[in-house]
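Please study the sequence and the structure, then work through each solution step by step.

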Amino acid sequence: MKILITGAAGFIGFYVSKKLIEQGNKVIGLDNINDYYDVNLKFDRLKELGVAKEDAELYNKKAKSSTSSFEFIRLNLEDRDNVPLFFKKEKFDIVCNLAAQAGVRYSLENPEAYIDSNVTGFLNILEGCRNNDVKHLLYASSSSVYGLNSKIPFSTSDNVDTPASLYAATKKSNELMAHTYSHLYKFPTTGLRFFTVYGPWGRPDMAMFLFTDAMLNNKPIKVFNEGNMERDFTYIDDITEGIVRIINKNLEERKDLYRVYNIGNNNSVKLLDFIKSIEENLNITAKKTLMPMQAGDVEKTWANVDSLIKDYNYSPNTPINEGVKNFITWYKKYYNK
Ligand SMILES: NC(=O)c1ccc[n+]([C@@H]2O[C@H](COP(=O)([O-])OP(=O)(O)OC[C@H]3O[C@@H](n4cnc5c(N)ncnc54)[C@H](O)[C@@H]3O)[C@@H](O)[C@H]2O)c1
């Protein structure tokens, strides 16, 4: 299959590209390599996929990889001229949209970036799929769509009408837009609500990375809501496995065009237990600065993954201690600590 992975220089897109290449698909990666976090990490992920930095740097020019089954293009999703041309030229079988402006807290500072990438950018993806007979569109949604919901665990049958941040509102918008396009133009779309993804090559703006970095540099860590938070942490390999299973399953068995799944560990971990696991793995006691709840954040997430189990016989299950250990091993090696 010829598959477009947007956000291929990002955390999840990198892993999904790698796995699909290993399975013998032709993968085209797209990313604008923005500087929301350290671009070196993004270029290094691309290097792992066989693309040299000097080739990846050029805009709107396809960079070859040392792996013949991967190519990369640096493009902005919101580019209304070049995204349609790119889709027309490439004729993808499957599109997996993982590019987005991520992060809850940054959406209070720079709301425009979320509308550009996540709403205008996503519209370009939908139009590209509609006009070029793409057989299946998968796209990243987020556990943040559950917003202020208090019923746990979160189920895809729950109403999600109370987003707590603009980030969450753009992800919910993606689901609504996908529904419209599935309904009007009769192509299958699958939204994936990811729950706090972590692991090697992870994002520097997320807790796992921030805590490890601070602890190794003898700095205090910020513990929001005085530690009264819980997250359904999901290990990157489990997320990748879930996405790839959905990509590979025969669509002929599927009658309904519009679907949304939770992909989480079905297990909520207390923030203080998560910190304890990092402390044990680093053999360092964290200096904790207790902070109030951050605007836009929610106290607890927990995924009900029954429909993923029913339809794909799959449920993420990597224990937190194992995932934390793998992250720390990678972090120390990558940063020479
Ligand atoms: N990591 C998580 O815990 C998590 C949780 C829920 C949802 N998600 C969603 O999963 C997807 C992947 O997340 P990630 O953790 O890999 O994030 P990431 O930031 O590492 O990857 C996203 C990539 O998209 C690229 N990008 C952003 N805007 C773009 C644009 N306008 N045009 C082209 N490229 C653009 C960025 O350069 C980045 O490399 C995102 O949609 C995110 O919102 C992630």
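**Exercise 1.** Determine whether Arg130 is buried, partly exposed or exposed, and identify its salt-bridge partner.

*Solution.* 
Step 1. The classes are needed: buried means under 20% relative accessible area, exposed means over 50%, and partly exposed lies in between (1.4 Å probe, protein chains only).
Step 2. The relative accessible area of Arg130 is 33%, so this residue is partly exposed.
Step 3. A salt bridge requires a side-chain nitrogen of Lys or Arg within 4 Å of a carboxyl oxygen of Asp or Glu. Arg130 meets this rule with Glu127, at 3.0 Å from N to O.
Step 4. Glu127 has a relative accessible area of 24% and is therefore partly exposed.
Step 5. Both residues belong to helix α6 (residues 111-131), three residues apart, about one turn of the helix. Helices (H or I, at least four residues) and strands (E, at least two) are DSSP runs, numbered from the N terminus.

The structure is a predicted model, in which local features need pLDDT of at least 70 and side-chain atom pairs count only at pLDDT 80 or more, while totals for chains, interfaces and linings use all residues. Residues are numbered from 1 along each chain as its sequence is written, and side-chain values use heavy atoms, with hydrogens and water left out.

**Exercise 2.** Explain which parts of the chain are tied together by the pair Arg105 and Asp297.

*Solution.* 
Step 1. Side chains of opposite charge can pair when their charged atoms come close.
Step 2. In the salt bridge between Arg105 and Asp297, the closest N and O atoms are 2.7 Å apart.
Step 3. Arg105 lies in the loop between β5 (94-97) and α5 (106-109), and Asp297 in the loop between β14 (288-290) and α11 (306-312), so the pair ties together parts that are 192 residues apart in sequence.
Step 4. Arg105 is partly exposed at 34% relative accessibility, whereas Asp297 is buried at 13%.

**Exercise 3.** Describe the surroundings of Lys64.

*Solution.* 
Step 1. Lys64 is placed in strand β3 (residues 63-64), and its relative accessible area of 59% makes it exposed.
Step 2. Contact means heavy atoms within 4.5 Å. Apart from neighbours within four places in sequence, Lys64 is in contact with Gly50, Val51, Phe70 and Glu71.
Step 3. The C-alpha atoms of Lys64 and Gly50 are separated by 8.2 Å.
Step 4. Lys64 also belongs to a network of salt bridges that links Lys2, Lys26, Lys62, Lys64, Glu71 and Glu90.

**Exercise 4.** Summarise the protein chain as a whole.

*Solution.* 
Step 1. The secondary structure comprises 12 helices and 14 strands.
Step 2. The radius of gyration is 19 Å, close to the 20 Å that the globule rule gives for 337 residues, so the chain is as compact as a globular protein of that length. This radius is taken over C-alpha atoms, and the globule rule is 2.2 Å times the number of residues to the power 0.38.
Step 3. Of the 337 residues, 55% are buried.
Step 4. The count of salt bridges comes to 20.
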